[in-house]
Amino acid sequence: MADLKAHNMVEIEVRKELENQLKKRKQICHCEQCKEDMVAIALNNLKPRYVVSYKGETYTRIKELEIQFMVDVTREVIKAIELVNREPHHE
């Protein structure tokens, strides 16, 4: 079973949601440092959900379709954006 890899589906969804939220917030810094800080903050406040994929294709994405899961991801991403916007790690 070569090429199997575990993926944290929460990270994938956090990154997607961050890009969606930043499109709506042009005044927020979009540099890589700020975006990675936002991802890290959001992920630290969410429970990881690992799935195994074969050659990059996920076997199941059922959990990401849960309404509460997506609400939690969106909430934590917005909180992370607001925090980093108030206290960026750069000038």
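Modeller: Let's begin with a crossing: that of H1 and H3 is right-handed. This is a predicted model, so local features need pLDDT of at least 70 and side-chain atom pairs 80 or more, while totals for chains, interfaces and linings use all residues. Residues are numbered from 1 along each chain as its sequence is written, and side-chain values use heavy atoms, leaving out hydrogens and water.

Colleague: What makes a crossing right-handed or left-handed?

Modeller: The near helix is turned from the far one by less than a right angle: clockwise is right-handed, anticlockwise left-handed. The H1 and H3 crossing is right-handed, so by that rule the turn is clockwise.

Colleague: Why is H1 called oblique to H3?

Modeller: The two pack at an angle of about 55 degrees, with axes 9 Å apart. Under 35 degrees counts as roughly parallel, over 145 as roughly antiparallel, 65 to 115 as roughly perpendicular and the rest as oblique. That angle therefore makes H1 oblique to H3.

Colleague: Which residues of H3 are buried?

Modeller: Among them are Phe-69, Val-73 and Val-77; buried means under 20% relative accessible area, exposed over 50%, and partly exposed in between (1.4 Å probe, protein chains only).

Colleague: What covers the buried residues of H3?

Modeller: The cover includes helix H1 (9-24) and helix H2 (32-44).

Note on methods:
Helix = DSSP H or I, 4+ residues; strand = E, 2+ residues; numbered from the N terminus. Contact = heavy atoms within 4.5 Å. Axes fitted to C-alpha atoms, helices over the stretch in contact; angles between N-to-C directions.
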